[in-house]
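Work through the exercises below with the model open. Try each task before reading its solution.

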Amino acid sequence: MSNIIFNEAEYLTANPDVALAVEQGVFISGYKHYVKYGKNEGRALKGLSCLALREDKVFHLLNKNGLGLEIGPSHNPVAPKKKGFNVHILDHVTADELREKYKGHGVKLENIEKVDFVWHGEPFHELIGKTSCYDWIISSHLIEHVPDLILHLQQCEILLKPDGILSLVIPDKRYCFDYFSSTSSTGDVYDAYEEKRV
C-alpha cells in the first residue's frame, strides 16, 4: 500500500457495506476487502469531509488531464474551461440562451461556459460525431431530470474510452425540493427504458 497508512475503523466508517460484510463474516477485515476489491474500486479510505471541495469529490477517480465532457452544467460547471480543463460542454441550449434564461436569477452569468454541443434529443454520439473518445464524463445534478436513466447511462458508455469514468453528482432527495416525491424503483427505471421515454 506504499505510503498509505490503513486505518480499519475509518475504512469501515467510510464504507458501511464493507462494515456489514465484515460483521457478517464475509470478510475477515476491512483491510482484506480493501486489498482484494476496495483499492481497484476506488473505495474511500476514510469518509470525505462534508467540507471537502465539490470538485475533489467529483474528480476522485478521474484523470483531470484527460479529455472530458460535462453534460448540462448550466450556470455552475464543475470542470470549467477557464480553469484549464480540457472539456466539451453539452447542454440543452447555447451559452447565450443560458445567460438569457438565468438573467435576474442571482447566478453568476460569467460562469456559463461556451456550449460545444446543443442537444435536441438525439443520441449523444450522433451529436458529437464520435465514440470512445472521452476519458471522463461529468453529469452533475442532471440524472434526476433524465426521463430514461438506462439510455442516459448507455449513451455515456458509448462516448467513454474503455477505461473512462462517468462521475455522477446526484442530489439527496431528503435534503432538496424532491423530499415529498416518491422514490423511483428499479421497475420504474426499466419501464422508462422499455417505453423509450423522452
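**Exercise 1. A loop histidine**

Does His-141 count as buried, partly exposed or exposed, and at what relative accessibility?

Solution. The model is a predicted one. His-141 sits in the loop that links strand 4 to helix 7. Step two: apply the cut-offs. Buried means under 20% relative accessible area, and exposed means over 50%. His-141 has 40% relative accessibility, so it counts as partly exposed. Step three: check the backbone. His-141 is not a glycine, yet its phi is positive, at about 50°. Most residues other than glycine have a negative phi.

**Exercise 2. The chain as a whole**

How many helices and strands does the protein chain have, and in what order do the elements run?

Solution. Count the elements: there are eight helices and five strands. Then read from the N terminus: α-α-α-α-β-β-α-β-α-β-α-β-α. Now take the extent. The C-alpha atoms fill a box of roughly 55 × 40 × 35 Å along the principal axes. Of the 198 residues, 33% are buried. Finish with contact range. Among contacts between residues at least 6 apart in sequence, 61% join residues at least 24 apart.

**Exercise 3. Two helices crossing**

Describe how helix 7 and helix 8 are arranged, and list the residues that meet.

Solution. Step one: locate them. Helix 7 covers residues 149–159 and helix 8 covers residues 186–194. Step three: classify the angle. Angles of 65 to 115 degrees count as roughly perpendicular. Helix 7 and helix 8 are therefore roughly perpendicular to each other. Step four: list the contact. Helix 7 brings Leu-149, Ile-150, Leu-151 and Gln-154; helix 8 brings Val-189, Tyr-190 and Tyr-193. By class, this contact has six nonpolar residues, one polar and no charged ones.

**Exercise 4. The nonpolar cores**

Which residues of the largest nonpolar core touch the most other members, and which element gives the most to this core?

Solution. This core has 17 residues. Those touching the most other members are Val-58, Phe-59, Ala-79, Phe-85, Leu-98, Trp-136 and Ile-138. Now trace the elements. Strand 2 (87–91), helix 5 (95–102) and strand 4 (134–140) each give two or more residues to the core. Helix 5 gives the most, with three. Zoom in on Ile-138. Beyond four places in sequence, Ile-138 touches Val-58, Phe-59, Leu-62, Leu-69, Glu-70, Ile-71, Val-78, Ala-79 and Ser-167.

**Exercise 5. A glutamate in a loop**

Is Glu-113 buried or exposed, and which residues are in contact with it beyond four places in sequence?

Solution. Glu-113 lies in the loop between helix 5 and strand 3 (117–118). Its relative accessibility is 5%, so Glu-113 counts as buried. Its contacts beyond four places in sequence are Pro-77, Pro-80, Lys-81, Lys-82, Ile-89 and Ala-95. Glu-113 and Leu-98 are 15 residues apart in sequence, and their C-alpha atoms are 9.3 Å apart.

**Exercise 6. Sequence gap against distance**

Solution. Take Ser-182 to begin. Ser-182 lies in the loop between strand 5 (160–169) and helix 8. Now Tyr-34. Tyr-34 is placed in helix 3 (residues 30–41).

Terms used: Residues numbered from 1 in each chain as written. Predicted model: local features only at pLDDT ≥ 70, side-chain atom pairs only at ≥ 80, totals over all residues. Heavy atoms only, no water. Axes fitted to C-alpha atoms, helices over the stretch in contact; angles between N-to-C directions. Helix = DSSP H or I, 4+ residues; strand = E, 2+ residues; numbered from the N terminus. Parallel < 35°, antiparallel > 145°, perpendicular 65-115°, else oblique. Contact = heavy atoms within 4.5 Å. Nonpolar A, V, L, I, M, F, W, Y, C, P; charged D, E, K, R; others polar. Core = buried A, V, L, I, M, F, W, Y, C linked by side-chain atoms within 4.5 Å. Buried < 20%, exposed > 50% of the residue type's maximum accessible area, 1.4 Å probe, protein only.
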